[in-house]
Amino acid sequence: MADLSNLAGLGSEPSGQIDSSVSSASNRSLRLAEKEKRKGEADPFGLAVKYLSQVEAGTVVRGNDELERNMVRVETVALSKGLPPEVITVLLDLALSLNAGTANCTRVLKFLIPATVVPQEAIVKGVSWLCVGKMPMNAQVLFVRWVLTVFDLIDCKDDLRSIYGFIFSFVTEENLCPFICHLLYLLTMREHVHPYRVRKLLDIQAKMGRQPFLTQLLALYKVFRPDLVTLSLPSRVRTGFKNHNSTWKVALSAVQRKNKGAVLVDQSLSLDVKEKPSSRKRKLHHLAIPPLTSAFDSNSSKKVLRLQELRSFKELLENIHNIELPAQMGSLLGSALALHYLDCVQDESAFLRLNFWLGHSLQEEFLLCPVDGSSDNTSEACRFLSTILFSQQFLQEGFSSTESFLYKFLSVWDGCLLRPQILDLLSDIPLMPSFYMHKLLFEPLKQLYFTSTVFFKCSVIECLNSMLVKWLTWHSVSASEGGLDISLNSNSSMTMTLSGFMDSVMELVRFVGLLASEGLRLESCHVLLLNQTLAFYETVCDMFLKFSLPLIIMPPAGVFYPALFATDSVSVDRLGYIMYRYRKNLTLAKKQEQQREQTFHISRNTYKEFNRNLQAMVNSMWNSWWCVPGSDIEIDKDLIALSKVAEPWCRFDLIHHPALFSYAIEFHQRTGKYWNWYMEFLFNQGFYGLNNFIQTNTGHGSTLNSQEDGQPKSQP
């Protein structure tokens, strides 16, 4: 018994320890719960999102005060600051699953305003809910409209394109069809175009009639696979895709302005595919602009004022509602007052008639009956094209018929006939998607460029620079107006998303980089071609600061190094200015990224390219060591030794550089050898770009004189 009592006594001690540990664990749980409670009180939005993420199917909605309170809390934040990506995913799943009811589904979709980006997986999961078929039709339409509105903010679209077939299956739904066609238009690539999809769209068109949204999608299919889409499309689609962002436009603009977003979304995402009807060949040229003549009998009782009767702009304004269009719309091109009228009234039928006449004349006289090169015909054609140029510059936009003509004419042009006029017209071409640019613009220009003289090469680079400036100006005007749409032609429905705009600009800049690199190699770095190329990159380097476009593209090595080692001082100075402006743009972009003030981010590779070029330029011109091991221009030491050049490593500094050596000699003969005096002398010769570059990157420049330490510094 004693043994048993001892055993009982031994067992009582661990029991007390267990009670103590249980009590300690209970207290810890209470502390954690209290901590979580305080955290929730400090972050009511996070608590509300957590609650909504836990709402299950069958939850009572009517009279659920807690659900309503959390919904209001999230809605308030969404409309004031926007929602982060992870919250977008949670709320979209809540809405489309109908766990919170049909009414709340519509409500959530209406305040689903992203603060930065929209995660792709949220859209993919939303499409899967669409396939379930639980949602009412109005909720399905609202969801697809929301996707179109935030399309530019979706972080990636690869998975969306992988479920293209699932999205396409909804074109049979009559109410969804316009919006699904719009979404498909944005996602379509060549591999998505198949015969059964073309047949399905044609069947739908046979039932619904020739609707603009079906025509737009079929036109895009025809671009990718003309062998599958054999039907003839109308010469001009009147309306294209409509804007679907009215529900979110005001809220999204307010949120992005409050967040100081650098990019606003564009939702008019359509592009007209225009084909002009062919005309019969005539035997005689008729390139003269017709005179203004009336379309009605002069004895008509109708109270109208003919354009040819106007004598001043004041008369035009006083009678603008009683003016009669002329019988021949081509006569508008010869009258400034007529162009004023055309610009003021924005009559679509007038532009249609004018484009028809202009397209017919250009097609017939330059393609079917090309100018034979005689002086009379050439001068007549020159006057005709100059009149078109004047009209386009007056209206500040090009004619669609001129654009169509240029795409056809480039394939047969020899690069010499009417070169100034053709290139000026080419610079007025409005923005186009990148997949059109290669076939219609880049390929014919490339063939002409590489088989022509250096002067033609300079003209092409200048033309493309002018084109880029006009595209960027259109974008900056659109951005300054605070709108979500980037419309590049007031008389057509051609619009594009911001990401599509950036893709097109990027393709143009890269194309010019290719032309310039190869052209400089073929022409032995001709000074005129090099300066035209640097003029182009003076535009490119300031796209972010001057034109509000969050895109920075560095010049290729085939442009940078010929400019760095150029023998003319103007090219070296322009390169200094370009690098100085690149630094300004990249610094601002980096600052905004750190402050999360912009949606689009500059690639890390861009910063690496800039730093590599900056290092090469500073090492060459300031550190007197142009051939740094591991750099792009590393040369074997034995090979350098064969040149028998004394001190080869300092041959491209500010003293010995071939472009600046004459200034160094002149300074030495006049003054002496003090380094900062030489710097002052050099930069006072007008090298402002080089001065800004040196001063920004080294702290030295013409403003840094001998007053710093009381005496001039000798050369290091």
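The following dialogue goes through selected features of a predicted model.

Visitor: How many helices and strands does the protein chain have?

Guide: Helices (H or I, at least four residues) and strands (E, at least two) are DSSP runs, numbered from the N terminus. Here the protein chain has 31 helices and 2 strands.

Visitor: What share of the 716 residues is buried?

Guide: A residue is buried under 20% relative accessible area, exposed over 50%, and partly exposed in between (1.4 Å probe, protein chains only). In this protein chain, buried residues make up 49% of the 716. The accessible surface, by the Shrake-Rupley method with a 1.4 Å probe and, for residues, only the protein chains shown as cover, comes to about 34,700 Å². Carbon and sulfur atoms hold 53% of that surface.

Visitor: Where is Ser571 placed, and is Ser571 buried or exposed?

Guide: Ser571 belongs to helix 26 and counts as buried because its relative accessibility is 0%. With neighbours within four places in sequence left aside, Ser571 is in contact with Val527, Leu530, Asn531, Leu534, Ala563 and Ala566. Ala563 is also one of the buried residues of helix 25.

Visitor: Which residues have the most contacts inside the largest nonpolar core?

Guide: In soluble globular proteins, nonpolar side chains tend to be buried together. A nonpolar core is a set of buried Ala, Val, Leu, Ile, Met, Phe, Trp, Tyr and Cys residues joined through side-chain atoms within 4.5 Å. The largest one here has 204 residues, and those with the most contacts inside it are Leu91, Phe143, Trp146, Leu426, Leu654 and Tyr678. Helix 22 contributes the largest share of this core, 12 residues. Leaving aside neighbours within four places in sequence, Leu654 has contacts that include Met621, Trp622, Trp675, Tyr678 and Ile694.

Visitor: How many aromatic pairs does a search of the whole structure find?

Guide: Rings of Phe, Tyr and Trp (its six-membered ring) pair if their centres lie within 6.5 Å; planes under 30 degrees apart count as stacked, over 60 as edge-to-face and the rest as tilted. The search finds 14 aromatic pairs. Tyr449 and Phe450 form an edge-to-face pair, 5.2 Å centre to centre with 85° between the planes. Tyr449 is buried at 0% relative accessibility, whereas Phe450 is partly exposed at 28%. Ring pairs also link Phe366, Phe405, Phe409, Trp413 and Phe456 into a cluster.

Visitor: Which charged end sits over the ring of Phe168, and which over that of Tyr607?

Guide: A charge sits over a ring if NZ of Lys or CZ of Arg is within 6 Å of the ring centre and within 35 degrees of the ring normal. The charged end of Arg197 sits over Phe168, 5.6 Å from the ring centre. For Tyr607, the charged end is that of Lys590, at 5.2 Å from the ring centre.

Visitor: Where do Gln396 and Leu418 lie, and what are their phi values?

Guide: Gln396 lies in the loop between helix 17 (375-395) and helix 18 (400-409); it is not a glycine, yet has a positive phi of about 60°. Gln396 is exposed, at 62% relative accessibility. Leu418, in the loop between helix 18 and helix 19 (419-427), has a positive phi near 50°. Leu418 is buried, at 8% relative accessibility.

Technical notes:
Residues are numbered from 1 along each chain as its sequence is written. This is a predicted model: local features need pLDDT of at least 70, side-chain atom pairs count only at pLDDT 80 or more; totals for chains, interfaces and linings use all residues. Side-chain values use heavy atoms; hydrogens and water are left out. Contact means heavy atoms within 4.5 Å.
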